[in-house]
Amino acid sequence: DYCAFSGDPLRARGMERVRNDALASFIPNERLYRQLFNSAVDSEYGTAAVDHTCYTGRPTASLGACARLCHDDGVRARNETTGAPLRREPCVGFAYNPGSNLCVRLGQSSIRARFSPFLANWTAVDGGWQHYVSKWVATTKPKWFSGGRKACKPEVLESITGAGHPILRDKNNGHLYVGCGDAKAKVSCVAKECRGEPWCFVRNKCGSLVNPCRRIEPPAECMNAPDAEE
């Protein structure tokens, strides 16, 4: 369960560079239902060629180390024809094989490169591939399902925690649960639901067709947060 990974996602994003928290910035990439038409993947050697750009795997000690490499170093790709190094681009996700310890960092255009076979279980001797994507780049569900809503931006998360509300669970679709003393409350950063505000409180368990999320006044238990805004 990727929700069990510890770490402050704000720090993992880079606002505070804490290396051990890098994995908190990524979620499983479940949008691999089809391979990119303009790509060629070699799962044995950990390479992917997308649009004449070659992405090469690098040995790393662990899944967390692969996440740190993606977060700290970006993507270092090469021209598929000449082998010349290309300008470094942001790393928005990666594929990792615990059997071979290969880590393939991927950019925006190559994030859907699919390596196989997938990891069947944590004890698989021969390993298998795991695919992760930055939680700020895409949700784990197709755009038509989530209504195009993406995860809250880092500056919005910073504003929420700065108001004295620790984040308990980020659903990566514009909704999250925050702590209010011993209670929890649901928060939205979807502009339509918050009437144009960066974030707002909404009813717990809202989000269905019959129970849509709408802005509400801050719950009483959230008004006593240590650093709550007036």
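Residues are described as buried where the relative accessible area is under 20%, as exposed where it is over 50% and as partly exposed in between, with a 1.4 Å probe and protein chains only. Helices (H or I, at least four residues) and strands (E, at least two) are DSSP runs numbered from the N terminus. The model is predicted, and local features therefore need pLDDT of at least 70, side-chain atom pairs count only at pLDDT 80 or more, and totals for chains, interfaces and linings use all residues. Residues are numbered from 1 along each chain as its sequence is written, and side-chain values use heavy atoms, with hydrogens and water left out.

Just after H2, Gly 74 adopts a positive phi of about 70°.

The structure holds four aromatic pairs, where rings of Phe, Tyr and Trp (its six-membered ring) pair if their centres lie within 6.5 Å, and planes under 30 degrees apart count as stacked, over 60 as edge-to-face and the rest as tilted. The ring centres of Phe 26 and Phe 94 are 5.1 Å apart with the planes at 75°, so this pair is edge-to-face. Because Phe 26 lies in strand S1 (residues 26-28) and Phe 94 in strand S7 (residues 93-97), the pair ties together parts that are 68 residues apart in sequence. Phe 26 is buried, at a relative accessible area of 5%, and Phe 94 is likewise buried, at 1%. Phe 94 also forms a stacked pair with Tyr 132, at 5.4 Å centre to centre and with 15° between the planes; since Tyr 132 belongs to strand S9 (residues 130-134) and Phe 94 to S7, this pair ties together parts that are 38 residues apart in sequence. Tyr 132 is buried as well, with a relative accessible area of 6%, and ring pairs link Phe 26, Phe 94 and Tyr 132 into a cluster.

Four strands form an open antiparallel sheet in the order S10-S11-S12-S13, two strands being paired if DSSP finds at least two bridges between them. Strand S10 (167-170) and strand S13 (200-202) stand at the edges with a single partner strand each, so one side of each is left without a neighbour in the sheet. Within this sheet, strand S11 (residues 175-180) is joined by six bridges to the antiparallel strand S12 (residues 183-188), and Cys 180 stands opposite Ala 183 in S12.

Four bridges join strand S2 (residues 39-42) to strand S3 (residues 47-50), and these strands also run antiparallel. Ser 39 has Val 50 in S3 as its bridge partner, while the hairpin of S2 and S3 has four residues between the strands and contains Gly 46, with a positive phi near 70°.
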